[in-house]
Amino acid sequence: MAEPFIQVHDLVKTFDTPAGPLNVLRGINLEIQKGEFATIVGPSGSGKTTFLNMLTAVDTPTSGEIVVGGVPITQVPQRKLTKWRARNVGIVFQFFQLLPTLTVLENVMAPMDFANVWKPGERREVAMRLLDRFGIADQAYKTPDMLSGGQQQRVAIARALANNPPLIVGDEPTGNLDRMSAANVFNIFSELAEHGTTVVVVTHDRDLVHGVPRVFELVDGMIGETTLAAAAARRTQELRAMRTRTAIRQGTAH
Ligand SMILES: Nc1ncnc2c1ncn2[C@@H]1O[C@H](COP(=O)(O)OP(=O)(O)OP(=O)(O)O)[C@@H](O)[C@H]1O
Ligand SMILES: [Mg+2]
């Protein structure tokens, strides 16, 4: 079998805080194959964003190794990582993060300047094709504020794909969308994965995770592959325990 596209070995991230060291990731190990669609679930504050920041080389781990597409990004010097990221990773955020003064088309073209994947003369056409693929070519000359949330997120996905990266990462990309738009975004991710893009998405949306082939759960700084039912059962148990603790504190436990 081919080498996994993503390999994470013993990944540890500790933040120094005024209250002392905070061990957010305590030794993460996982492998994701090329063209897989994986989601990461877990309680708020469990370190999901921290993990994505390591995977996209936005932040560096305390220890451990990450290899993406054969590149050991935890060993590459910081000055080379910016270019690596521009060519290899498309990131989609919860609040879209489109540049408000640029048109939709200019937003999609913006990452192309830096990565130099497309010749200057090709860039507009590539961007228009991406917008067309997501059904928003007619919005190209508007500014993002004139679009609906779902449309803005499709622009953000087009921008993430601008340099045709092998990896797409999303941090709660449907957190700010209605059900239809959210399902649409997940359909786009599934299609991308079918065509060989590796997709890693952090989400709270358990309805959408149904149908996603791989689910990882981040709890207490460790990650495990899970089934949705098991993750949901654990969450119900935690909530019950939390309610009991609150009831005891309030002296209302029976
Ligand atoms: N730069 C930092 N310095 C210190 N602590 C940090 C830093 N970044 C994150 N943390 C802490 O690390 C923990 C994990 O944060 P993170 O944002 O990764 O959680 P998350 O799982 O993405 O949560 P959410 O679901 O709410 O987005 C939190 O306790 C957070 O306060
Ligand atoms: Mg987060």
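Biologist: How many residues does the largest nonpolar core have, and which have the most contacts inside it?

Modeller: Please keep in mind that this is a predicted model. In soluble globular proteins, nonpolar side chains tend to be buried together. Here the largest nonpolar core has 57 residues. Those with the most contacts inside it are Phe-51, Val-108, Leu-131, Val-169 and Phe-189.

Biologist: With which residues is Val-169 in contact, leaving aside its neighbours within four places in sequence?

Modeller: Val-169 is in contact with Leu-52, Leu-55, Thr-56, Val-89, Ile-91 and Val-200.

Biologist: Let us turn to helices. At what angle do H3 and H4 pack, and how far apart are their axes?

Modeller: Two packed helices are described by the angle between their axes and the distance between the axes. Helix H3, residues 104-115, and helix H4, residues 123-133, pack at an angle of about 120°, and their axes are 9 Å apart. H3 and H4 are therefore oblique to each other, and H3 passes H4 in a right-handed crossing. On the H3 side the contact is made by Val-104, Leu-105, Val-108, Met-109 and Met-112. H4 contributes Arg-123, Arg-124, Ala-127, Met-128, Leu-130 and Leu-131. Sorted by class, the residues of this contact of H3 with H4 are nine nonpolar, no polar and two charged.

Biologist: How do H3 and H5 pack?

Modeller: For H3 and H5 the angle is about 30° and the axes are 7 Å apart. Angles under 35 degrees count as roughly parallel, and H3 and H5 are therefore roughly parallel to each other. Their crossing is right-handed. Val-104, Asn-107, Val-108, Ala-110 and Pro-111 of H3 make the contact with Val-155, Ala-158 and Arg-159 of H5. The contact of H3 with H5 has six nonpolar residues, one polar and one charged.

Biologist: Which residues make the contact between H5 and H6, and how are these two helices arranged?

Modeller: Helix H5, residues 149-160, packs with helix H6, residues 179-194, at an angle of about 20°, with the axes 9 Å apart. The two are therefore roughly parallel to each other, and the crossing of H5 and H6 is right-handed. From H5 the contact takes Gly-149, Gly-150, Gln-153 and Ile-157, and from H6 it takes Ser-181, Asn-184, Val-185 and Ile-188. Three residues of the contact of H5 with H6 are nonpolar, five are polar and none is charged.

Biologist: Where is Asp-220 placed, and what is its phi?

Modeller: Asp-220 is in the loop between strand E9 (214-219) and strand E10 (222-226). Although Asp-220 is not a glycine, its phi is positive, at about 50°. With 11 C-beta neighbours inside 10 Å, Asp-220 counts as exposed.

Biologist: Lastly, in which helix is Asp-132, and how far is Asp-132 from Lys-48 in sequence and in space?

Modeller: Asp-132 belongs to helix H4. Asp-132 is partly exposed, because 13 other C-beta atoms lie within 10 Å. Asp-132 and Lys-48 are 84 residues apart in sequence, and 32 Å apart in space from C-alpha to C-alpha.

Definitions and conventions:
Residues are numbered from 1 along each chain as its sequence is written. Chains are lettered from A and ligands numbered from 1 in the order in which they are written. This is a predicted model: local features need pLDDT of at least 70, side-chain atom pairs count only at pLDDT 80 or more; totals for chains, interfaces and linings use all residues. Axes are lines fitted to C-alpha atoms, for helices over the stretch in contact, and angles run from 0 to 180 degrees between N-to-C directions. Helices (H or I, at least four residues) and strands (E, at least two) are DSSP runs, numbered from the N terminus. Angles under 35 degrees count as roughly parallel, over 145 as roughly antiparallel, 65 to 115 as roughly perpendicular and the rest as oblique. A crossing is left-handed if the near helix is turned anticlockwise from the far one by less than a right angle, and right-handed if clockwise. Two residues are in contact if their C-beta atoms, placed from the backbone, lie within 7 Å. Ala, Val, Leu, Ile, Met, Phe, Trp, Tyr, Cys and Pro count as nonpolar, Asp, Glu, Lys and Arg as charged, and the others, Gly among them, as polar. A nonpolar core is a set of buried Ala, Val, Leu, Ile, Met, Phe, Trp, Tyr and Cys residues joined through C-beta atoms within 7 Å. A residue is buried if 20 or more other C-beta atoms lie within 10 Å of its own, exposed if 12 or fewer, and partly exposed in between; C-beta atoms are placed from the backbone.
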